[in-house]
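This report goes through selected parts of one protein model, starting with its sheets and ending with a distance across the chain. Please keep the sequence and the structure in view while reading.

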Amino acid sequence: MGHCLSKALFVHICGILLCIPTFGLDRDRAITQFHHTAWTAKDGAPSQTSALAQTEDGYLWIGSERGLFRFDGEQFEIYAPPDGGELPSQNITSLMATPDGGLWISFAPTGIGFLKDGAIVIFSQHEEVYCFARDFDGRIWAGTQTGLIVFDGSQWHGIGTARNYTDHRVWSMFVDRNGTLWVAADDTIVFLEKGSELFQKTGVRTGGVPDIEQSDDGRLWITEYSKSLRPLSLPDGDSASDDPEISVPAIKFLFDREGSLWLTVKGEGIRRVRFPERLGSRKIDAANTEMESFKEQDGLTDNTATNLLEDREGNIWVSTNKGLERFRHSHLVPVALPTGYRDLTLRPGQNGTVWAGSAALKPVLLISVENILSKSSPIEIASVNSGAGDVVWWGGHGGIWRQRNEQFDFFPQPKGLTFNDLDWMWEVMPNSSGNGLWVGLGDVGLISFKNEIWTDHAKPSGLFERVPSASFQDSGGRIWLGYTGNRIIMVDGDRIQHYTSDDGIDIGRIRVIRGSGSRFWFGGDLGLTLFDNGRFVTVRTLGGTKFGTISGIVETPDGALWLNELRGVVRIAPEEIRQVAGNSDHPVSYQVFDFADGLPGGPQMNFRSSTAIAGTDGRLWFATDNGLVWIDPARISKNTLPPPVLIRSLFTDEMKYDPGVPFMLPPGTTAFRIDYTALSLSIPERVRFRYKLEGTGEDWQEAGSRRQAVYNNLGQGEYRFHVIASNNDGVWNNTGAILNFSIAPAWYETGLFRFVVFITLVLIVLVLYRLRVRQIAGAINARFDERLAERTRLAQELHDTFLQTIQGSKMVADDALEQNGDPVRLRRAMEQLSTWLGQAVDEGRAALNSLRTSTTETNDLAEALQRATDTCVVQGSMVPAFSVVGESRDMHPIVRDEIYRIGYEAIRNACAHSEASRMEVELTYDHDLIVRVKDNGKGIDPVIASDGKEGHFGIKGMRERATRIGAKFILESSASSGTEITLIVPGEIAFRTSIHSTES
């Protein structure tokens, strides 16, 4: 059964121009130098793939004999229709994405589907559809076994012969840049120009044509089953002999945005021609060096490759019989070294080449970007130094090698210095005089090599005995030596300068030294130190921490600093370096290139030789524990396409909710999970997310690469979930995706329930208030009863003392009167009477001082207050007015006395101090007892009204009396309206029987 590639090239080109970054897969790189990733069934990828498409939302769709899948770069999902619907079949034969975000799907043996926004519309079709195309007029075409059908917006219709088209099987279709629809039909090719209604014949005879594509130069290319790939030559065009031909049985092919040609070849994996425009009229086959190959042995999941797709970020996707492949740009390009190479020592060669020695029994390699040449010697290399002119010195095992161009001479180590006379030359450097070498021999230390003669005592005094762990000669001829324990020595001729941790060095063992002028960089076990203008500064990162172990340093001409660091290749931008040089406390930001960028292994951490160098062509080379890698700083591309962000679903314990349909979570929902994603297919593991849930007061949460948010303990209400994302290069889509939803209130969270609870609480408060008032009234009554009992006791005491004394005096007087003839007796009786009367006066005064009699003889408060107002008539010209509202009530004597004294004081103050012409006194008997005294005088000074007058207790005493009986005392006064004093006494306190009891 044939398959066909269906595209709308116009949409594709517009997407390239408007939506996607301008970089693709570098044509200067071999196919093996791209980052390759494969997914198989164990990763959830479908097998037996028949079609690939990328929709506008960024999803990669995969049609297979096992169903329809979508892929966000990390997770494969099989599509199932919403609401339990069924697809015509799980066997997908063709896919085509449309600019409106839709996806056309063909099913085997019959059926067509259009999927958009998660919903699918199924159209019945009696024949299998092999391919789709969309022309510039927006019409959707489909090719079948018997011809073409077209979609009118609601239904599919066969065109028959109405458009000058003869019903033939359609192999493939293509829309070129001019809008012409090309159709490979049975054994020929026909075309429909833009705006035309009639197909035209090309007259070209073909076999089955599974694919048609257009190259950068505008030519159409075709491939035929079991035949070659070539441009389409029309009878009225140029001679076919002038066209190139690629003699491989290609099934599908494409020209990527850089112009390279990719092919899937039956049973032979994939092929690539980097520069097809250079073929001219030549014919090449699979053996030609201009055709690259990538098969199972190179990492392809299966040699049966089927479909090709270039996504909007420039990645090439390939489907095979067993899985899915992606080829993408990577900043770091790994170099496949021969087996066994480890612990590399690097130095730059001519024309961008690199020399690499190994500590293993392997010869030195001369490496270019694409070729590796092995030299017969030297072997077992541990260090290198470029000497004067074209001379290079390599330190090896048992001696040193001198290189001139590609000629090597070996000088064995001096005898008698080490066991077996065989040890490692860890360091090779010019000596301080510049006319010889210092060589670090094993644990012996530095020895001298000059004029091909070894000397073991030429080391200057002041150096440590141990071999340095790093060395560097700067442009001024000074030699810098690094050691363990934060120790550095600078040798400048005969001058030796020591630096230690006391000078600010805090990076442990020194592994690498590089720099120029007055600025030098030191990489160590514990980070990076800058030496600038005579002082050392440990470089800190944005998080406040130091860098990890550093074994290689390169400073590029643009001022950037590159490190071979514990986590990978690190780049510190020039502006960051400038800020560190000007401000030692500046925390640097940096970029890390790691495994996702093509790093084949962990950075090599051997010391004494820098594991990073700059080539003469500007490329930077880094040694790893799994080979060599290079990067071109001048060609670091950036993915400028913000990733589309989608919210996939919301999950509770009971149900999954589709964000495309409005929904409300049921009452009682407190916990749920929201799954989201961002469609950046280049390096999805580097996509970063932020989200927040509006309605909770939550600010943006940094989610890292996590693609779900979990919430607990939420109540009913309206919520708005907002998520944004950045791509692998930190370009943010700040619009993101939004999900609005709500949680329905439980019965106890409804407004009615809250209203009932509110009313209940108010009633409870009122009841508690009434109970409290009654409690206070009871307590006051108890105090009043206690005071009344005390009065009774005092009255009894008066009766038992004062009255008894008076009675005795009376008896003495009566007795004296009866015998008034006896002067002596009379005098004695009078003396006794005088004594008793004095005693009575004392007893009476004591009783009066301890017991205040009531101000009124009766319980009528109104009468007492009325008498108080009458005094105003006598004392002045004020006109008093007195009124009583309500019926008089029986009052507790103590309360009555306190009320009277407050009212009396208010009346007296008005009469004496207000200078008023009128005074109103009102006594009200209601639920509460209210006494109001108001005048139209000059008012009371606010300070006196608040705090009272010093040395006087009128207002203060009224407030204290009111407090004692649980009453409310209100004083309002102004110079314009006079003074009004109001006393409100709760009825439960004022009256012996409350009004409620009376009414009941």
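Val354 has Ile367 in β33 as its bridge partner. The model in which this pairing occurs is a predicted one. The two strands concerned are β32 (residues 354-358) and β33 (residues 363-367), which run antiparallel and are joined by three bridges.

Both belong to an open sheet of four strands, ordered β31-β32-β33-β34, with antiparallel pairing. The edges are taken by β31 (344-348) and β34 (372-379); each has a single partner strand, so one side of each is left without a neighbour in the sheet. From one strand to the next, the twist averages 25°. In general, the strands of a sheet pair through backbone hydrogen bonds, and the pairing is either parallel or antiparallel.

## A second open sheet: β47 to β50

Another open sheet is formed by four strands in the order β47-β48-β49-β50, and its pairing is antiparallel. Which strands stand at its edges? They are β47 (510-516) and β50 (535-538), each of which pairs on one side only. Neighbouring strands of this sheet are turned against each other by 20° on average, with direction ignored.

Within this sheet, β48 (residues 519-524) pairs with β49 (residues 527-532) in the antiparallel sense over six bridges. Arg519 has Asp532 of β49 standing opposite.

Strands β8 (residues 112-116) and β9 (residues 119-123) run antiparallel and are joined by five bridges.

Ile970 stands opposite Thr982 in β71.

## Two helices

Helix α2 spans residues 574-582, and Pro574, Glu576, Ile577 and Val580 are buried in it. These residues cover an arc of only 160° around the axis, which puts them on the same side of α2. On the face turned away from the buried side, α2 carries the exposed residues Arg578 and Gly582. As a rule, an α-helix has 3.6 residues a turn, so residues three or four places apart point the same way.

Helix α7 (residues 893-913) has 21 residues. From its first C-alpha to its last, α7 reaches 30 Å, close to the 30 Å expected at 1.5 Å a residue. How many of the residues of α7 are buried? The number is 15 of 21, and α7 is mostly covered. The helix is followed by Glu915, whose phi is positive, near 55°.

## Aromatic pairs

A pair of aromatic rings is described by the distance of the centres and the angle of the planes. The count of aromatic pairs comes to 56. In the pair of Tyr165 and Phe199, the ring centres are 5.5 Å apart and the planes stand at 55°, so the pair is tilted. Tyr165 lies in the loop between β13 (156-158) and β14 (170-175), and Phe199 in the loop between β16 (188-192) and β17 (200-205), so the pair ties together parts that are 34 residues apart in sequence. Tyr165 and Phe199 are both buried.

Phe672 and Phe741 form an edge-to-face pair, with 5.3 Å from centre to centre and 85° between the planes. This pair links distant parts of the chain, with Phe672 in strand β61 (residues 672-678) and Phe741 in strand β66 (residues 732-743), 69 residues apart. Phe672 and Phe741 are buried. Ring pairs also link them into a cluster whose members include Tyr657, Phe663, Tyr676 and Phe689.

## Charges over rings

Two arginines are described here. The charged end of Arg673 sits over the ring of Phe651, at 4.4 Å from its centre. Arg690 has its charged end over the ring of Trp732, at 4.1 Å from the ring centre.

Pro460 is found in the loop between β42 (453-455) and β43 (470-473). Is this residue buried, partly exposed or exposed? With 23% relative accessibility, Pro460 counts as partly exposed. Between Pro460 and Trp700 there are 240 residues in sequence and, from C-alpha to C-alpha, 62 Å in space.

Conventions:
Residues are numbered from 1 along each chain as its sequence is written. This is a predicted model: local features need pLDDT of at least 70, side-chain atom pairs count only at pLDDT 80 or more; totals for chains, interfaces and linings use all residues. Side-chain values use heavy atoms; hydrogens and water are left out. The expected span of a helix is 1.5 Å times one less than its number of residues. Buried means under 20% relative accessible area, exposed over 50%, partly exposed in between (1.4 Å probe, protein chains only). Two strands pair if DSSP finds at least two bridges between them. Axes are lines fitted to C-alpha atoms, for helices over the stretch in contact, and angles run from 0 to 180 degrees between N-to-C directions. Rings of Phe, Tyr and Trp (its six-membered ring) pair if their centres lie within 6.5 Å; planes under 30 degrees apart count as stacked, over 60 as edge-to-face and the rest as tilted. A charge sits over a ring if NZ of Lys or CZ of Arg is within 6 Å of the ring centre and within 35 degrees of the ring normal. The arc is that of the directions from the helix axis to the C-beta atoms.
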